[in-house]
Amino acid sequence: MKQIFFSMVFVILGMTNTIAQIKGDWKGTLSVQGVSLDIIFHLTGPDDALQATMDVPMQGATGIPVSEVTFVDKTLNLAVEQAGIKYSGTFADNKITGTYSQAGQELPLVLAKTIVTKPGDTTLVSTKEQLDLLTAFDKGNFTYKVEDYFAKPKMSSFQLSPNGKYISYREKDEKNKRHVMVKEVATGKVLRAIEEKDELIRGMGWINDDRLVYVMDQGGNENYHLYAINVDGTNNIDLTPFDGVQASILNMLKEQKDYIIIQMNKDNKQVFEPYKVHVQTGAMEKLFTNDDPANAIVGYEFDKDGNLRGYAKMLNGVQTQFYYKPYGATTFELFHTTKWDETFSVISFNYASKNPDEAYVLTNLDSDKTRIVLYDLKAKTVVSEIYSNSDYDANLIALSRKRNWEIDFVGYEGEKVVIEPVSSTFKKIYAQLEKEFKGYEFSIAGKTDNEDQLLVVVQSDKLYGRYYHYNTQTGAITLLVDLMPQLKEQDMAEMRPITFKSRDGLTLHGYITLPKQALAGKKVPLIVNPHGGPQGVRDSWGFNPETQLFASRGYATLQVNFRVSGGYGKEFLRAGFKQIGRKAMDDVEDGIHYVVEQGWADKDNIAIYGASHGGYAVLRGLTKTPDLYKAGVDYVGVSNIFTLMSSIPEYWKPYKDMLYEIWYDLDNEEEAAIAKEVSPLFHIDQMKAPLLVVQGANDPRVKIAEADQIVKALREKGVDVPYMVKYDEGHGFGKEENQIEFYKAMMGFLNKHLN
């Protein structure tokens, strides 16, 4: 009996040892039509429940979930269901020999144990010592340090609980961790509800009176998980515990306080589906199936009771179909088909009406600018026009749930945000706030269910922000916190709206932030800062830490809302289609000429800096008009339109035809030629100015290969290109220490190259 027992032990130990050997990173190379394609599988998890992900580095694809993993009798079977991939191989002599199958092809693939290193080409990255030398160029008798602008506030992100019993906020500790604190208003007692550890808490909010929701990803990869936790820190659960999945909140369901409606791409990485989730247990129910990735559902319309009333679906990549289910009906009907760049979206159903199909809708189907209308979705008719503006998209409306859903205010964003009070209750509130905060912009950041307490944020171009608690019953206004008390308003620079004409006659808007030297009549160095996006995004008036930092060093900053920017109507948006790197770039240059003509900027001392599309604009500017700029800073920017399009995340693929409409159709020979013409990587021989490149290694949108290839190409040309990479960041830096290091290096770089 003892001999049998020991034999069993040896068998079990042998099995465990084999499973231990199979865990880790395995790399092999496929030969596909003469092209070598590396495949990497990462095997992890407990012995009885192996898990795996897959990387295809050449395609910029990492962390693809493997849906099936089995290891029996030294045979490994893997399947990536959504991509139709299967692999079966036998483990022997520290390698796995097998067959890779996809799209009817079967290819031999031998996997060898490997150690996966950091993303990208680590040999290109500048050393800490090199970047420190660059930072040292930021010399001068400055009133404020970089940290004064970019250190996170000690306390921030205030929110009221629905019943007003608590106020939550973020509080930073000595290690720059921003924990979520909950203060009981009546007693002043403060608890730490959520501790921030290695990963950043990307967002948080109240679900009900006793429970919070918060969002985290891993290192900036944007695979967001939703977590729920009690105010005392108990019952902390991951509501979406799925690898490689991106989740977000659709509806908070105030009428069902223990539930929220979320969406995630759990079953197919290319599409998002809605789920109703119990926030105490994590139990979930799928509410609708999005089963056509080629024509994916891209938006869901739920009412306040959690009923799915409509959804928007892509058609052939460039049209949108809206399906609606009238009240009492059992099926969804095709409501209409529009172009993807036209707007028809339900803001809220009109719960004050006896007609359950009546809703406030944002639309520009028969207008250039978006306007707010009251619409009968069953009859397909406009009940009444609520609000519009002849020059800008109208898109702001607030309703009072407490006062039977009456409209409190409407508005739009022009040069600044414009609010027009509607209800008598809000007119009184607005009048008091306008008197109290004259000359500042103020907004309602939160309110209790009874609307007896409001959180008010007050800002300007010179004030980062202050939170106030406002008692609507007594009219008492109490300061909660000045977010950046170290920055004195009298020392900050003016941000001035500007309007000018493009070379082809288009009216353009933007902003110039002017240091005191420029206001005194001196021509100062200019930083040109094109925004990201590019489509539908715009720059806005208000406090901008970047432009204020630049002004503190004596630089003016120009921000142009070039064609394809949002807020100016659909024709202005469309004017930028197929013009990325061309007329959109001309608009930026025309803005430069305008501010030079005003006498603010020194035409011989201009740098260009931007992130994402703005980073692309930096590279494009340095190759399109190389004599215009003395330096450039590319932050997570695109260097090659072809590699950008070939490496988009899975959940962007339903939008690929739309991206082709905005940028260029790479399947069209003529447009592909234009894309090559405006892709900076192919024209580095034109680049003269020094360049600083900054990248997050885990960026899922603009892969690190975009930065690597431009750095490598310029280095081969003999150009010294400082290159900063952070391996715990994604599409832009979220961690305070990384942000500060970046801005210090940038200020040194700019001071080195601008006179």
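How many residues does the largest nonpolar core have, and which of them have the most contacts inside it? In this predicted model, the largest nonpolar core has 85 residues. Those with the most contacts inside it are I512, L526, Y629, I641, W663, L691 and Y723.

**Nonpolar cores**

- Helix 13 (residues 704-716) gives this core its largest share, 6 residues.
- A second, separate core has 33 residues, including L487, Y555, Y635 and F749.
- In soluble globular proteins, nonpolar side chains tend to be buried together.
- Apart from neighbours within four places in sequence, L691 is in contact with V618, L619, L622, G632, V633, D634, L714, D720, V721, P722 and F749.

**Helix 9**

- Helix 9 covers residues 613-624, 12 residues in total, and its first and last C-alpha atoms are 15 Å apart. That is close to the 16 Å expected at 1.5 Å a residue.
- Helix 9 is mostly covered, with 11 of its 12 residues buried.
- The buried residues of helix 9 include V618, L619 and L622, each of which is in contact with L691.

**Helix 8 against helix 9**

- Two packed helices are described by the angle between their axes and the distance between the axes.
- For helix 8 (residues 583-597) and helix 9, the axes come within 11 Å and cross at roughly 80 degrees. The two helices are therefore roughly perpendicular to each other.
- On the helix 8 side the contact involves M585, D586 and E589, and on the helix 9 side A617, R620, G621 and K624.
- By class, the residues of this contact are 2 nonpolar, 1 polar and 4 charged.

**Helix 2 against helix 14**

- Helix 2 (residues 128-135) packs with helix 14 (residues 736-753) at an angle of about 55 degrees, and their axes are 7 Å apart. Helix 2 and helix 14 are therefore oblique to each other.
- L131, L134 and T135 in helix 2 meet E741, K744, A745, G748, F749 and K752 in helix 14.
- This contact has 4 nonpolar, 2 polar and 3 charged residues.

**Q579**

- Q579 lies in the loop between helix 7 (570-574) and helix 8.
- Q579 has a relative accessible area of 14%, so Q579 counts as buried, the cut-off being under 20%.
- Not counting residues up to four places away in sequence, Q579 touches A584, I662 and Y664.

Note on methods. Residues numbered from 1 in each chain as written. Predicted model: local features only at pLDDT ≥ 70, side-chain atom pairs only at ≥ 80, totals over all residues. Heavy atoms only, no water. Helix = DSSP H or I, 4+ residues; strand = E, 2+ residues; numbered from the N terminus. Expected span 1.5 Å × (residues − 1). Buried < 20%, exposed > 50% of the residue type's maximum accessible area, 1.4 Å probe, protein only. Core = buried A, V, L, I, M, F, W, Y, C linked by side-chain atoms within 4.5 Å. Contact = heavy atoms within 4.5 Å. Axes fitted to C-alpha atoms, helices over the stretch in contact; angles between N-to-C directions. Parallel < 35°, antiparallel > 145°, perpendicular 65-115°, else oblique. Nonpolar A, V, L, I, M, F, W, Y, C, P; charged D, E, K, R; others polar.
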